[in-house]
Amino acid sequence: SSSLETAIQLVDNRNEIDLLDQVIGRVLRHNIRNDLNVIKGYAQALRDDADETSRFVDNIITKCESLERTANTARTMRDVVETRNDTQIIDLETAVNDAVERLHNRSPQTEIRLDLSMTGNVVAHPKLPDAIYHMLSNSLEHAINDPQTGADYIQIRTTTADDGILLEVSDDGPGIPQGELDVLTKHGETALEHGSGVGLWLIDRITQYSDATIDFDTESGTTIQLCLQSTGASSSM
């Protein structure tokens, strides 16, 4: 009956919000506390050792930027869950460009190669640009910023898929750590221990709320394929 379906939906919503409160209340708070301790330590060292001023200032700024991203991510997590039943028509190219601009603001030197052979409107959760940003951010953290990998660019491609558009983000890094991938198969706070996997958590939730599908390939680098419902794709060629 519709009343039973409504009750199940309400319970599901409550469980999602309870999980979110646990994550924000404990996991992300843990990250913020740790980063603040580091900032305090650098500030004290800066006060005590003027010769190291430049290095300490750089470290303080880096940690402040990390804290800002943590706070923004926590807010996005809450917004995503609170609007879990919302979908809208989104221009995919605009969503991609928004995500690319956000990553460039964070890391201007990172090369992002675009191959948007298919564009058009898709039906998705309004936070779709956040999901794309976290797909890019994953490559930035685990490939581009890892000097061991030799990865030097991130690739974004769009192609046609059955009744939709396939968005693919790939890099040639070492692949997503299994500990972070666990967030996609486990439930509860432990899947997000110390904030690890929060970006994947957001990608997964936004995909789910968009009635989209997602696939991860970590055999050679990382490739994330997001298949979105189209309202009528068009070639950009």
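Q: Which residues is Ile156 in contact with, leaving aside its neighbours within four places in sequence?
A: In this predicted model, Ile156 is in contact with Val96, Val100, Ile112, Arg113, Leu114, Asp115, Leu116, Leu136, Leu167, Glu168 and Val169. Contact here stands for heavy atoms within 4.5 Å.

Q: What makes a set of residues here a nonpolar core, and which residues have the most contacts inside the largest one?
A: The members must be buried nonpolar residues joined through side-chain atoms within 4.5 Å. The largest such set has 35 residues, and Leu128, Leu136 and Ile156 have the most contacts inside it. The elements that give two or more residues to this core are α3, β2, β3, α4, β4, β5, α6 and β7. Of these, α4 gives the most, with eight residues. Another core, of eleven residues, lies apart from it; Leu19, Val81, Ile206 and Tyr209 are among its residues. In general, nonpolar side chains tend to be buried together in soluble globular proteins.

Q: How do you know that α4 is largely enclosed by the rest of the structure?
A: Buried means under 20% relative accessible area. By that cut-off 16 of the 17 residues of α4 are buried, so the helix is largely enclosed. As for its length, α4 reaches 23 Å from its first C-alpha to its last, close to the 24 Å expected at 1.5 Å a residue.

Q: What makes α6 largely enclosed as well?
A: Nine of the twelve residues of α6 are buried, so this helix is largely enclosed by the rest of the structure. The buried residues are Val198, Leu200, Trp201, Leu202, Ile203, Arg205, Ile206, Thr207 and Tyr209. The twelve residues of α6 should span 16 Å at 1.5 Å a residue, and its end C-alpha atoms are 16 Å apart, which agrees. Just after α6, Asp211 takes a positive phi of about 55 degrees.

Q: How do you know that the buried residues of α3 line one face of the helix?
A: The buried residues of α3 are Leu92, Ala95, Val96, Ala99, Val100 and Leu103. Seen down the axis of α3, they fall within an arc of 130 degrees, so they line one face.

Q: How does the length of α3 compare with what 1.5 Å a residue should give?
A: The 15 residues of α3 (residues 92-106) should span 21 Å, and the end C-alpha atoms are 21 Å apart, so the two values agree.

Q: Why is Ser170 called buried?
A: The relative accessible area of Ser170 is 14%, and the cut-off for buried is under 20%. Ser170 therefore counts as buried. This residue is found in strand β5 (residues 164-171). Not counting residues up to four places away in sequence, Ser170 touches Ser139, Tyr153, Ile154, Gln155, Thr222 and Thr223.

Q: Why is Thr76 called buried?
A: Thr76 has 8% relative accessibility, so it counts as buried. Thr76 has its place in helix α2 (residues 53-82). Not counting residues up to four places away in sequence, Thr76 touches Asp130 and Leu202.

Q: How many aromatic pairs does a search of the whole structure find?
A: The search finds zero aromatic pairs.

Technical notes
Residues numbered from 1 in each chain as written. Predicted model: local features only at pLDDT ≥ 70, side-chain atom pairs only at ≥ 80, totals over all residues. Heavy atoms only, no water. Helix = DSSP H or I, 4+ residues; strand = E, 2+ residues; numbered from the N terminus. Buried < 20%, exposed > 50% of the residue type's maximum accessible area, 1.4 Å probe, protein only. Expected span 1.5 Å × (residues − 1). Arc of directions from axis to C-beta. Phe/Tyr/Trp six-rings, centres within 6.5 Å; stacked < 30°, edge-to-face > 60°.
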